[in-house]
Amino acid sequence: MLALGKLLELTLAGREPAEKTQLTVDGVRMRWLGEGALEVRPPEARDNGMDLLLSAGIHGNETAPIELLDDLLHGIAGGEIKPRARILFLFGNPEAIRKGERYIEQDVNRLFNGRHELSSGSEALRACELERLAAVFFGVPERVRLHYDLHTAIRGSKIEQFALYPYKDGRQHSRRELARLRAAGMEAVLLQSKASVTFTAYTYEQLGAEAFTLELGKARPFGQNEQVNLDRLETRLKQIIEGNEPEAPEALDGLQLFSVAREIIKHSDSFHLHLPADIENFSELSKGYLLAEDLANTRWIVEEEGARIIFPNPKVKNGLRAGILVVPTTPDQLA
Ligand SMILES: O=C(O)CCC(=O)N[C@@H](CCC(=O)O)C(=O)O
Ligand SMILES: [Zn+2]
């Protein structure tokens, strides 16, 4: 296999490849763009106009998605997968991946849409670099732009695989993309209702891509991901890459949709979350439940019918999201 197919190995070793560009037997060009960043370009005659950004390892301990991207890259470098799409592979936080930690100093996925400019340190620099790589990649006009940012979650979930769909004022969520996610194995989608600071929020809001954070199961170390079943996603990604994707049906086929009722923000060290440590994502909370307390007698009480909690985490830094309360919604405003 071509050396550049081993992007993960290079990234784990913190090494630069000797050759920065290589061609597969089918004339697919692989170009190393920097640490954890590789562009794949099909021969011009085969290019179908799709630009696909696949990122993983924005959180360094979320290894199943990293292994999936590694498999896809091996397939391309070995000539078994024959791309018609142009692809950018990104491993988000190499230093954290090497250490098997979510982050080193700060969560990269809270530093996009300019937030890195207000900060310093290696993770702020990395977020800036990821924005630049994505902007250059998606800078070619009149091409289809799609970004999947692959994650696994800290805890188990009542809904194992789901997507988060960013929000931009005046832009409608796409039914076609929801159908594509369903075909890729996602059971639910959370439709965001305000701008955000995540990687997909950046590519969606600033670069015009259709962009999704995919949550694919529970985070475990490398080699221990048997319980994370990525078969449907992998099949769909190969089809997108090879340009032979079956048209997804109009119907969303049981896909559950949620909207954000409220984000729970931790304001101080006095923040206290009243949930069991092992609570699963999408657990239902009844109306009137005292969810959290913070300084100055701030109380978060559940007021919404059918509310569920995702990503509860009282250990986040002050000022950051310590959980999201979501409610079921219907797909009435889709493009
Ligand atoms: O399990 C958790 O608490 C966090 C899992 C995770 O990393 N989720 C992403 C979601 C990004 C988004 O809101 O689109 C994150 O928190 O960065
Ligand atoms: Zn993550």
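Helices and strands here are DSSP runs, numbered from the N terminus. With that settled, let's go through this predicted model.

An unreviewed UniProt entry lists residues 49-240 as "domain: Succinylglutamate desuccinylase/Aspartoacylase catalytic". In the model, that span is 33% helix and 21% strand. Its end C-alpha atoms lie 11 Å apart.

Buried or exposed? Both E62 and H151 are buried.

Next, helix 4, residues 122-137. Helix 4 has 16 residues. From first C-alpha to last, helix 4 reaches 22 Å, close to the 22 Å expected at 1.5 Å a residue. Its buried residues are E123, A124, R126, A127, L130, E131, L133, A134 and F137. A word on helices: an α-helix has 3.6 residues a turn, so residues three or four places apart point the same way. What do the buried residues of helix 4 pack against? On the strand side, there are strand 2 (29-34), strand 3 (37-41), strand 4 (50-56) and strand 5 (86-91). On the helix side, there are helix 3 (94-99) and helix 6.

That brings us to helix 6, residues 199-205, and to T203 within it. T203 is buried, with a relative accessible area of 0%. Its side chain reaches the backbone oxygen of T200 at 3.3 Å. Leave aside neighbours within four places in sequence. T203 is then in contact with L53, A134, F138, H147, G208, A209 and A211. Note A134 in that list; A134 is also one of the buried residues of helix 4.

Three strands form an open sheet in the order 11-13-14, with antiparallel pairing. Why is one side of strand 11 (272-273) and of strand 14 (298-301) left without a neighbour in the sheet? Both stand at the edges, each with a single partner strand, so one side of each has no neighbour there. Two bridges join strand 11 to strand 13, residues 290-294. L273 stands opposite A292 in strand 13.

Technical notes. Residues are numbered from 1 along each chain as its sequence is written. Chains are lettered from A and ligands numbered from 1 in the order in which they are written. This is a predicted model: local features need pLDDT of at least 70, side-chain atom pairs count only at pLDDT 80 or more; totals for chains, interfaces and linings use all residues. Side-chain values use heavy atoms; hydrogens and water are left out. Helices (H or I, at least four residues) and strands (E, at least two) are DSSP runs, numbered from the N terminus. Buried means under 20% relative accessible area, exposed over 50%, partly exposed in between (1.4 Å probe, protein chains only). A polar contact is a pair of N or O atoms within 3.5 Å; within protein, one must be able to donate a hydrogen and the other to accept it, and residues adjacent in sequence count only if both atoms are side-chain atoms. Contact means heavy atoms within 4.5 Å. The expected span of a helix is 1.5 Å times one less than its number of residues. Two strands pair if DSSP finds at least two bridges between them. UniProt positions are given in the numbering used here, feature names are shortened, and annotations may be inferred rather than shown by experiment.
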